Structure formats: structure tokens, C-alpha cells
Amino acid sequence: MTIRVVQIGTGNVGVHALRSLIADPQIELTGVWVSSAAKAGVDAGELAGLDVSTGVTASTDLDAVLATGPDCAVYTAMADNRLPEALEDYRRILAAGVNVVGSGPVFLQYPWQVIPAELIGPLEDAAQQGGSSLFVNGIDPGFANDLLPLALAGTCAHIEQLRCMEIVDYATYDSATVMFDVMGFGKPIDEIPLLLQPGVLSLAWGSVVRQLAAGIGVELDEVMEIYQREPAPDDFDIASGHIPKGSAAALRFEVRGLVDGKPAVVLEHVTRLRADLCPDWPQPAQPGGSYRIEITGEPCYEMDVCLSSRNGDHNHAGLVATAMRIVNAIPAVVAAEPGVRTTLDLPLVTGRGRYRGA
């Protein structure tokens with residue numbers, strides 16, 4: 001039995017999701033929503049960069065896309081700089097009786113005690129009204145810092161600290177909005193970007209810390225954030241644009257969940273725009289970047305997760321992983337009880353049907 005699906009957004013993550021939906025015999029693609037008038041009317045196959053014609057053309061009208069009668073929507077539209085609009089999109093989709101898997105806003109990975117109840121309530125109400133469910137995930141926040149660390153924690157006699165790290169060179173990440181406007185790279189060091197405004201780190205990655213704490217049965221006393229930025233030693237260029245000398249070129253931050261004043265659960269990011277920057281900061285397990293899970297306890301663990309791809313670098317691999325984490329969850333989310341669902345609720349998503357011979 002096929003599942004009817006629409007794709008919402010065809011950007012860095014969405015294009016990979018769309019390619020998978022088109023190729024999957026278990027999926028019937030019924031519609032595509034785009035934010036750009038230039039993409040409206042374009043066949044989904046062309047938007048996905050495939051040499052196929054699907055007969056499904058993109059639209060800027062969300063109601064028209066939902067009117068195609070999908071069972072599920074894959075939501076990968078930009079959310080970081082349009083949070084109210086993204087939440088309203090989710091509310092409309094859920095109320096229409098359509099299940100949703102999404103890549104953002106990332107706080108919806110586990111929103112409780114992270115965002116106000118008045119923001120969660122409309123989504124829960126819409127889900128109950130429509131009999132639909134919502135699952136937001138990816139590689140980070142998501143798989144690398146929810147399913148993997150909780151699986152390791154399941155073998156521990158006791159845990160003193162659970163730490164998840166992303167150590168990645170973002171030079172090839174091609175999104176000027178994320179890199180410059182959200183993260184503040186290329187901007188003066190004394191100019192505080194959106195991501196580093198008070199409380200935003202805890203909003204974005206507090207979902208990770210709160211879900212891990214819930215997964216190991218810990219009640220956090222508080223969540224706090226710290227960060228450090230370093231300037232570019234000279235001018236250089238990245239995929240998203242120019243980085244002037246003296247502007248922000250490296251960022252390290254932590255979101256800490258505290259118990260009795262001690263960090264029990266920690267999410268840490270080490271982000272460079274060049275491999276030679278901040279050599280004293282943690283280094284990845286492979287050139288370009290990796291994810292790391294550290295558990296201090298009995299036993300202790302240190303696990304490095306290294307992404308690669310035949311079609312691009314580590315950043316390309318991460319975009320594919322983010323897209324497929326949610327696309328592969330579609331059957332489980334369609335079958336789930338109505339409401340906001342998390343990794344703690346869903347069965348193991350295994351990549352069923354994804355095998356191809358070498």
C-alpha cells in the first residue's frame with residue numbers, strides 16, 4: 001500500500017527528500033510547495049535534479065498542495081528565521097488531517113520545558129482535531145544526539161555525564177541565511193547574531209538536552225548556555241560568501257542541563273570555517289567533521305560518527321542524513337497516535353526498503 005506524500009520546501013534538505021520520495025515505490029508524491037515564484041509550475045523531477053517527469057508541479061499555495069489529499073507532509077522549509085510562520089504552517093497541516101515529518105524548527109524535536117505551552121498547545125490541538133501526528137528530527141538535532149546516545153546509555157550501570165558533540169567545518173555549507181544571518185559568521189565579533197541572543201541556544205538545542213534527560217530519567221534543575229567566538233586571522237571565502245579578517249570565523253558553544261549544579265547532559269558544538277582555526281578546540285575524527293558521543297559512567301563510552309558520501313563532502317552527507325531520517329520515519333509517523341511525537345515514542349526507524357546492491 002502506497003503512502004500519499006507532499007513535499008514542503010525544496011532547499012538544501014528538501015531536494016534530497018524530494019529525490020527519495022520520487023524514487024520510492026512505496027510513496028505517491030501528490031504535491032510540492034515552494035516559497036519561490038520562480039519554482040512555481042516546475043515539475044518535481046526537475047526541482048529534484050532528476051531526469052524524470054513526475055507530472056506533479058510545484059505551487060506556492062499551501063492549501064492547494066494539501067488539497068491533493070496526502071497522508072503525510074515532509075516539511076523542510078526554512079524555519080530558523082521564520083519561526084511564527086513555520087509553526088502556523090504546521091498547525092494548518094495538522095488541522096487538515098495530514099501527518100508531518102519535519103527538519104525544523106529544531107526545538108520541536110522535544111518541545112516540553114523548551115518552548116512555552118502556548119506555542120505547543122495549538123499544535124497539539126490541531127493534531128487532535130486532524131487525528132494527525134508530528135515528528136521533527138534530523139542528524140543534529142536528531143539521530144546523532146538522541147537515538148545513538150540513548151542506545152549507548154542503555155548499556156550503562158550508571159551515568160555521571162552524557163555529552164553529545166558536533167565538530168564540523170562549515171566552509172562548504174551553502175546557505176548565506178544560516179551562516180551569516182543566523183550564526184553570525186563573517187560579522188564583527190561584537191555583533192551578536194540571532195543564534196547567540198540570550199536564550200536562543202537553549203531554545204534551539206534545549207530539546208536535545210531535555211529529551212536525553214527524559215530518556216535516562218533525570219529531572220534537570222536548569223539549562224544554561226555558554227559560547228566562545230574567534231576571529232578570522234585573514235580574509236578568505238567560503239561557499240556562502242566572504243569572511244573578512246577579524247570577523248567571526250569559529251564558534252564553540254555548550255547547552256548544559258544541570259543537576260545539583262553539575263552538568264549531567266551537555267550538547268556541544270565546535271564549528272570552524274577552516275581546519276587550521278582554533279587548534280586547541282576539540283578536533284573531528286575525520287577531516288571535515290564528525291559527531292561524538294561521550295558517556296562518563298560505568299562503563300564509559302566515546303563514539304565518533306563519521307559521515308561521508310560519494311556525491312559530496314561531510315556537509316552534503318549531513319544534509320542527506322537529515323532528509324532521510326525524517327523520510328524513513330514516514331510510515332511510523334503515519335501509524336502513530338495523534339500529537340507531537342519524539343524519538344522516545346516511535347519504534348526504531350531502520351531504513352526498511354532502502355537496500356540496493358553495490
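Axes are lines fitted to C-alpha atoms, for helices over the stretch in contact, and the angles between N-to-C directions run from 0 to 180 degrees. In this predicted model, the axes of helix α4 (residues 83-95) and helix α5 (residues 117-130) come within 7 Å and cross at roughly 20°. Because angles under 35 degrees count as roughly parallel, α4 is roughly parallel to α5. The contact involves Leu87, Tyr90, Arg91, Leu94 and Ala95 on the α4 side, and on the α5 side residues including Leu119, Pro122, Leu123 and Ala126. The crossing of α4 and α5 is left-handed.

Helix α1 (residues 14-23) is largely enclosed by the rest of the structure, because 7 of its 10 residues are buried. These buried residues of α1 are Gly14, Val15, His16, Ala17, Leu18, Ser20 and Leu21, and what covers them includes the strands β1 (3-8), β2 (27-33) and β4 (72-75) as well as the helices α2 (44-47), α9 (314-327) and α10 (330-335).

Turning to the aromatic rings, the model has 4 aromatic pairs. One of them joins Tyr110 and Trp112 in an edge-to-face arrangement, with 5.0 Å centre to centre and 75° between the planes. The two partners are set out below.

| Residue | Relative accessible area | Class |
|---|---|---|
| Tyr110 | 16% | buried |
| Trp112 | 28% | partly exposed |

Tyr110 counts as buried because its 16% is under 20%. Elsewhere, the charged end of Arg274 sits over the ring of Phe236, at 4.7 Å from the centre of that ring.

Methods
Residues numbered from 1 in each chain as written. Predicted model: local features only at pLDDT ≥ 70, side-chain atom pairs only at ≥ 80, totals over all residues. Heavy atoms only, no water. Phe/Tyr/Trp six-rings, centres within 6.5 Å; stacked < 30°, edge-to-face > 60°. Buried < 20%, exposed > 50% of the residue type's maximum accessible area, 1.4 Å probe, protein only. Lys NZ or Arg CZ within 6 Å of the ring centre and 35° of its normal. Helix = DSSP H or I, 4+ residues; strand = E, 2+ residues; numbered from the N terminus. Contact = heavy atoms within 4.5 Å. Parallel < 35°, antiparallel > 145°, perpendicular 65-115°, else oblique. Left-handed = near helix turned anticlockwise from the far one by under 90°.
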